[in-house]
Amino acid sequence: MAPAARSTRLLTALAFLTFFDRALLPPLLPVIARDLGASITEIGTALIAYTVAYAAAQLLWSVVSIRVGRVRVLAISTTLSIVGIALSAFAVDATMLTLGRLVAGASLGATVPAVLTYFGDTLTLRSRAVAAANLAAGLSLGMTVGTVVASMLGAWLDWRLAFGAAGFMAVVFSVLLLRLPEPESSFSPRFWASIRELATRPWAWGVLALTFLEGALLVGVLSYLPTALIVQGAPVVTAGLATSVFGVAVILFSQLLKPLLGRWTPARVLLVGGMATVLAYALVAVQLTFVTVAIAAVLLGLGWAFAHTQMQTWMTDAAVGARPVGMSLFAVALFGGGSFGALGGNAAVPGDDFSMLFGLAALAALVFAVIAAHFRNRYTPREE
């Protein structure tokens, strides 16, 4: 296997860990709450802390990336994540769990932006779109496996073992990253020079605004699908299995997308992904059952595979010349939006207001689909 292919596969596998770890908490909210003697809302604070920390740490990691390189920042952040995952595994109360999730989120937040920047430094725009589809598959596989593992261990053994598995993977990747070469074109402007460069590009800021909305839908609100089923009385494993098909769907649809990239315009891909998200949330807003949640998860997988990969590729082009900071801002927008969506989900738990939550999400998804497709159609790429 060529060195470039090995590097791409290693980084995609590392991204698997990021979403595996992120997927552990949502299906375990009621289980951990019961075990630690806390409310679901209190444990939900740990989920919000994770997404906030994930987003807030992006700019710090971009500064580190500029100074030490893409690969070194991945090695540092992955090693630091071991601390946060360990705190989560050994948590004795909601506060310790929240601290652990905060540290893990802040650490693993470096992964996807650095990986996307690495792809931008080493691949052509067309190759980047394919790599982004493979990355989406890796992320989604991590989410699927994480959801299933957490659900089963939480129901049948011990939820702490799920975090133990994430910690083990983090140790392995920390070692493997020591052998990954730094890309030759890793030089980029300093932080403030990059900010000044991006300030002159309205397209980049438009992509970030749309990404915030996408994050609210496909990171924040999505995390509360299993909780919504559990609140309705479904077993933890049942809720976890219903939502785990999201990851399977992303894997399948991301592979389906690759042959379409040369035949469909990016705007068309975005529109299809956005409208799938509309249908998903409209469905569970009308009726919340195992079947409707599973169907919605498949549609949301289509939304992530089509819409999100296009948003990633769009940003790598809009931020050319300032990619480390640009892709970090992309992650800030995505998971900042995710935090906003998670706040909405947490607020819906006490009163079981999930129909309203998902109905509003469907309307927001319609706005995203139409605006994103329209402006992507007007955009002229800077690179080929």
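The structure is a predicted model, so a few ground rules apply: local features need pLDDT of at least 70, side-chain atom pairs count only at pLDDT 80 or more, and totals for chains, interfaces and linings use all residues. Residues are numbered from 1 along each chain as its sequence is written, and side-chain values use heavy atoms, with hydrogens and water left out.

Along the principal axes, the C-alpha atoms fill a box of roughly 50 × 40 × 40 Å.

Of the 384 residues, 60% count as buried, where buried means under 20% relative accessible area, exposed over 50%, and partly exposed in between (1.4 Å probe, protein chains only). Taking contacts between residues at least 6 apart in sequence, 85% join residues at least 24 apart; a contact here is heavy atoms within 4.5 Å. The chain exposes about 14400 Å², with carbon and sulfur atoms supplying 70% of it. Those areas come from the Shrake-Rupley method with a 1.4 Å probe, and for residues only the protein chains shown count as cover.

Turning to charges, the chain has 22 positive and 15 negative ones, and their mean positions are 10 Å apart. Lys and Arg count as positive and Asp and Glu as negative, while His and the chain ends are not counted; each charge is placed at NZ of Lys, CZ of Arg, CG of Asp or CD of Glu.

Two salt bridges turn up in the structure, each being a side-chain nitrogen of Lys or Arg within 4 Å of a carboxyl oxygen of Asp or Glu. One pairs Arg101 with Asp21, whose closest N and O atoms are 3.0 Å apart. Arg101 sits in helix H5 (residues 94–108) and Asp21 in helix H1 (residues 3–36), so this pair ties together parts 80 residues apart in sequence. Both Arg101 and Asp21 are buried. In the other bridge, the side chains of Arg160 and Asp35 meet at 3.7 Å, N to O. This pair also links distant parts of the chain, with Arg160 in helix H8 (residues 160–176) and Asp35 in helix H1, 125 residues apart. Arg160 is partly exposed at a relative accessible area of 23%, and Asp35 is partly exposed at 47%.

Beyond its neighbours within four places in sequence, Thr12 is in contact with Phe119, Asn134, Leu135 and Gly138. Arg376, in helix H16 (residues 354–378), is buried as well, at 13% relative accessible area. Not counting residues up to four places away in sequence, Arg376 touches Pro266, Ala267, Leu270 and Trp314. Arg201 lies in the loop between helix H9 (191–199) and helix H10 (202–220) and is buried, with a relative accessible area of 8%.

Notes
Helix = DSSP H or I, 4+ residues; strand = E, 2+ residues; numbered from the N terminus.
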